[in-house]
Amino acid sequence: MQLYNKLSAKEREALLEEAGEDRLTLSFYAYAKIGNPHLFRNHLFIAWDQMEVLGRIYVAHEGINAQLSVPAKRFDEFKEFIDRIYFLKGVRLNIAIEHDLKSFLKLKVKVRKKIVADGLNDDTFDVRNKGVHVDAAKFNELISDPNTVLVDMRNHYESEIGHFDGAVTPDVDTFRDSLPIIEEDLKEHKEDKNLVMYCTGGIRCEKASAYYKHKGFKNVYQLEGGIIEYARQVNNQQLENKFLGKNFVFDHRRAECISGEVISSCHQCGKPCDTHVNCANEACHLLFIQCPECAEKMNNCCSEECMEINALPYEEQKKLRKGKGNSNKIFKKGRSEVLKYKS
């Protein structure tokens, strides 16, 4: 019985290109009590591997967080499967605005302690006592109210390329970092302001809203379905789009265009640009914003040092990396002294 990937990303990419069939990129999450996450994980992998589903899925005792690429022709089969799981029946599927044949190249279903790394002790507050979910129309109404504080619950590299007009965008690397900062900054407004939050698909706000209500905030709201669903409702209902720029996504697409504005700059030359790339030096892999001109000039690298390393034969690069552990620090998101125009 196959429980893990047997194909490399390159092998899968070749198969997808050869097949040339349409795929749908989507995401969903659900908080639920899962008694045996490992058994549930295997159940999902076996079924989805047979359906040719690809993606990144986290399973924990507290629920599931899934980002997937599903063959379009098998979407109904996929939907029927998840509807047979009692806590996923009718779950909202955030279907991407822009699709890509290769948004995911492997099926990874992992058991984690939590489906989102929030750093919170869930036993200390009622995680079910969430904020009020609002649709795009109500969200627009709320954020037009001068009595509202709008907060982006995402990380700095996400909000840098796109955010709602007038939003507070904490300069943080992780979701867990943002929680105490926002609480401290808004502590004077726990009772007299509307606290309205948003994120990519809604999962971060789901936990944050319950946490802030526990901390004494009286009027807490969250954007239902996040930016992804907001964009869909704005288009379908011809509403005013108050989102500026692109929505960062955690797959090979890296971003979806929500509006035409470019609100960020190339980190190397300062020209208007909102294209995220990873440094071509595998020992660096820094995520940063790079324009086409700088990509050509720097050979897709973040610095001259990385250019020199990347120009070496691959086996020589491997020797330089040998014995050096790849800590999370090498995958830092846009935090480097070599990036002159990183705001």
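Tutor: In this predicted model, helix α2 (residues 37–50) packs against helix α3 (residues 75–83) at an angle of about 160°, and their axes lie 11 Å apart. An angle over 145 degrees counts as roughly antiparallel, and α2 and α3 are therefore roughly antiparallel to each other. The crossing in which α2 passes α3 is right-handed. On the α2 side the contact is made by H43, L44, A47 and W48, and these meet F78, F81 and I82 of α3. Sorted by class, the residues in this contact are 6 nonpolar and 1 polar, with no charged residues.

A second helix pair can be described in the terms used for packed helices in general, the angle between their axes and the distance between the axes. Helix α4 (residues 136–143) and helix α8 (residues 226–237) pack at about 100°, with 9 Å between their axes. Since angles of 65 to 115 degrees count as roughly perpendicular, α4 is roughly perpendicular to α8. From α4, the residues A136, F139 and N140 meet Y230, Q233 and V234 in α8. This contact of α4 with α8 has 4 nonpolar and 2 polar residues, and again no charged residues.

V134 is placed in strand β6 (residues 132–134). Its relative accessible area is 4%; under 20% counts as buried, so V134 is buried.

The remaining part is the pairing of strand β1. In β1 (residues 23–31), 7 of the 9 residues are buried, so this strand is largely enclosed by the rest of the structure. Strand β3 (residues 63–71) runs antiparallel to β1, and 9 bridges join the two. One of the residues paired here is Y31, whose bridge partner in β3 is G63. β1 is also joined to strand β4 (residues 94–95), by 2 bridges and again in antiparallel fashion. On that side, S27 stands opposite N94 of β4. In a regular strand, side chains alternate between the two faces of the sheet.

Methods
Residues are numbered from 1 along each chain as its sequence is written. This is a predicted model: local features need pLDDT of at least 70, side-chain atom pairs count only at pLDDT 80 or more; totals for chains, interfaces and linings use all residues. Side-chain values use heavy atoms; hydrogens and water are left out. Buried means under 20% relative accessible area, exposed over 50%, partly exposed in between (1.4 Å probe, protein chains only). Helices (H or I, at least four residues) and strands (E, at least two) are DSSP runs, numbered from the N terminus. Two strands pair if DSSP finds at least two bridges between them. Axes are lines fitted to C-alpha atoms, for helices over the stretch in contact, and angles run from 0 to 180 degrees between N-to-C directions. Angles under 35 degrees count as roughly parallel, over 145 as roughly antiparallel, 65 to 115 as roughly perpendicular and the rest as oblique. A crossing is left-handed if the near helix is turned anticlockwise from the far one by less than a right angle, and right-handed if clockwise. Contact means heavy atoms within 4.5 Å. Ala, Val, Leu, Ile, Met, Phe, Trp, Tyr, Cys and Pro count as nonpolar, Asp, Glu, Lys and Arg as charged, and the others, Gly among them, as polar.
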